[in-house]
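The stops below are to be selected in order.

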Amino acid sequence: MGIIAWILIGLIAGAIAKALTPGKDPGGCLITMVIGIVGGLLGGWLGKVIFGVHSINGFFHLSTWIAAIAGSVIVLLLYRLLTGNRR
């Protein structure tokens, strides 16, 4: 997949991750996109390492989106732990 597809998946997966995890997030649209992109890469890597499957098959495959969303949730929770309540 190209970089534009990763950015699009990252933006959407990051937004879904924010919707799935309750609480306030200290970040805007740019942080959401970064969390989504990193989470998508993390989800694909974890799927390959832990389960032995190639989870990033293509843009329209369900496994790609599940891996990206799961990875984004993990990265979002780690981001919340690291930043805490700095407001």
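Predicted model: local features only at pLDDT ≥ 70, side-chain atom pairs only at ≥ 80, totals over all residues.

Residues are numbered from 1 along each chain as its sequence is written, and side-chain values use heavy atoms, with hydrogens and water left out.

Select A13, in helix 1 (residues 3–20); helices are DSSP runs of H or I of at least four residues, numbered from the N terminus. A13 is buried, at 0% relative accessible area (buried means under 20%, with a 1.4 Å probe and protein chains only). Beyond its neighbours within four places in sequence, A13 is in contact with A68, I69 and S72 (contact means heavy atoms within 4.5 Å). The C-alpha atoms of A13 and S72 are 6.4 Å apart, although 59 residues separate the two along the chain.

Next, display helix 2 (residues 29–50) together with helix 3: their axes are 6 Å apart, at an angle of about 120° (axes are lines fitted to C-alpha atoms over the stretch in contact, and angles run from 0 to 180 degrees between N-to-C directions). Residues making this contact include G36, G40 and G44 of helix 2 and A68, G71 and S72 of helix 3.

Finally, select T83, in helix 3 (residues 62–83). T83 counts as buried because its relative accessibility is 16%. A polar atom of the T83 side chain lies 2.9 Å from the backbone oxygen of Y79.

Definitions and conventions. Helix = DSSP H or I, 4+ residues; strand = E, 2+ residues; numbered from the N terminus. Buried < 20%, exposed > 50% of the residue type's maximum accessible area, 1.4 Å probe, protein only. Polar contact = N/O pair within 3.5 Å; in protein donor to acceptor, adjacent residues only side chain to side chain.
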